[in-house]
Amino acid sequence: MSLTPINGRLPDESRPKITTATLREQKLRREPITCLTAYDYAGARLVDEAGIDMVLVGDSLAQAMLGYENTLSVTMDEMLHHVKAVRRGVRNALLLADMPYGSYQVDEKDAVRNAARFVKEGGAEVVKLEGGEKRADLIRHIIDAEIPVAGHIGLTPQSVNVMGGYKVQGKNLAAVEQLMRDAVALDRAGVSCLFLEGIPREVAAMITAEVSTPTIGIGAGPECDGQVLVFHDILNLTFGPPAKFVRRYADAAALIMSAMQAFRADVKSHQYPADEESYHLPKDTRAALDTVLARKRAMRR
Ligand code: KIV
């Protein structure tokens with residue numbers, strides 16, 4: 001099979017290029033789907049080369065990369081800047097970009113235009129937006145513009161002010177029924193996958209069994225078709241206590257801190273750079289320079 005270059009880099013032919021069709025096949029054969037966020041070139045390369053199926057440029061970059069309080073402040077231009085960087089690092093994974101708050105809630109035409117920017121300028125293959133059945137028509141319009149869409153229901157961080165904080169959703173019968181209606185509406189609208197965030201395991205399991213689209217859980221239990229976590233969370237780069245569902249796979253903060261401290265100590269104690277870490281003049285230039293300097297010294301005497 002001949003592969004198309006993505007941003008000048010060919011997919012690694014020893015692994016499949018993941019597409020939206022692959023996700024459906026994975027659901028059908030019950031192969032768990034993996035997804036991690038990435039926000040820059042280096043992170044994207046690591047996630048992609050680790051064999052993760054989907055790379056999400058989440059609007060969580062607002063906090064993880066930009067230090068904002070929540071996801072509400074991040075703009076289209078900021079998101080696009082990071083999507084482009086991630087695109088340059090991803091070869092085989094499916095690349096998803098989060099539509100930031102305000103980029104799709106105001107006006108339908110605006111939403112389609114913004115989604116198209118992620119594809120055209122950023123190289124994203126799927127756009128993700130938050131909200132349930134009330135977004136179904138909008139999602140149809142974006143799909144009509146040839147742009148695959150991922151849904152996101154449950155604890156939707158862009159609704160933090162409406163939810164009154166980051167709280168687990170779907171805890172009473174009415175809320176469970178609403179979540180089910182949301183999932184079915186987005187499935188019918190044709191989403192390529194459905195992110196389920198911060199909902200009880202039992203509810204996520206019911207939704208996963210009901211819809212044909214693959215479900216990707218975060219804080220939604222093990223019965224989802226796939227799992228997503230935030231890059232900075234799994235590496236302990238978040239400077240705060242993790243949420244219950246986060247599993248820390250490495251302590252990058254400790255590793256980075258000890259590297260910084262070692263560098264500082266080496267410079268302060270004149271241990272860095274050593275001679276072998278320095279450039280040297282070529283022998284003949286060095287000899288010529290020595291002659292010039294000797295002549296100058298002789299003239300000064
Ligand atoms: O922005 C984000 O990181 C997300 C999650 C689903 C991980 O939307």
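How far does a polar side-chain atom of Asp-98 lie from an oxygen atom of the ligand? I looked this up before anything else.

**Ground rules.** I am working on a predicted model, in which local features need pLDDT of at least 70 and side-chain atom pairs count only at pLDDT 80 or more, while totals for chains, interfaces and linings use all residues. Residues are numbered from 1 along each chain as its sequence is written, and side-chain values use heavy atoms, with hydrogens and water left out.

**Ligand.** I found a polar side-chain atom of Asp-98 at 3.1 Å from an oxygen atom of the ligand. For Ser-60 I noted 2.5 Å between a polar side-chain atom and a ligand oxygen. For Asp-59, a side-chain N or O atom is 3.0 Å from an oxygen of the ligand. A polar contact here is a pair of N or O atoms within 3.5 Å. The ligand taken alone exposes 250 Å², and the protein buries 96% of that; accessible areas come from the Shrake-Rupley method with a 1.4 Å probe. I then listed the residues around the ligand (a heavy atom within 4 Å of it); among them are Thr-37, Leu-56, Lys-128, His-152, Phe-195 and Val-230.

**Strand β1.** I see β1 (residues 33-37) as largely enclosed by the rest of the structure, because 4 of its 5 residues are buried. Buried means under 20% relative accessible area, exposed over 50% and partly exposed in between (1.4 Å probe, protein chains only). Strands count as paired if DSSP finds at least two bridges between them. β1 pairs with β2 (residues 54-57) in the parallel sense over 3 bridges, and Thr-37 has Leu-56 as its bridge partner in β2. With β8 (residues 226-229), β1 also pairs in the parallel sense, over 4 bridges; there Cys-35 stands opposite Val-228.

**Cores.** I checked the nonpolar cores, meaning sets of buried Ala, Val, Leu, Ile, Met, Phe, Trp, Tyr and Cys residues joined through side-chain atoms within 4.5 Å. The largest has 60 residues, and Phe-118, Ile-142, Leu-196 and Ile-207 have the most contacts inside it. Helix α8 (residues 173-189) gives the most to this core, with 8 residues. A second, separate core has 15 residues, including Leu-56 and Ile-216. Back at Ile-207, I set aside neighbours within four places in sequence and found contacts (heavy atoms within 4.5 Å) with residues including Ile-153, Leu-179, Leu-196 and Thr-215.

**Two buried residues.** Thr-156 lies in the loop between β5 (149-154) and α7 (160-163) and is buried, with a relative accessible area of 8%. Not counting residues up to four places away in sequence, Thr-156 touches Glu-130, Gly-131 and Met-163. I put Thr-156 and Gly-131 at 7.2 Å, C-alpha to C-alpha, across 25 residues of sequence. His-232 sits in helix α10 (residues 231-234) and counts as buried at 10% relative accessibility.

**Backbone.** I noted a cis peptide bond from Tyr-272 to Pro-273, with omega near -5 degrees. Pro-273 is in the loop between α11 (252-268) and α12 (283-300). His-270 is placed in the loop between α11 and α12; although not a glycine, His-270 has a positive phi of about 60 degrees, and with a relative accessible area of 73% it is exposed. Asn-236, in the loop between α10 and α11, is not a glycine either and has a positive phi of about 55 degrees.

Technical notes. A polar contact is a pair of N or O atoms within 3.5 Å; within protein, one must be able to donate a hydrogen and the other to accept it, and residues adjacent in sequence count only if both atoms are side-chain atoms.
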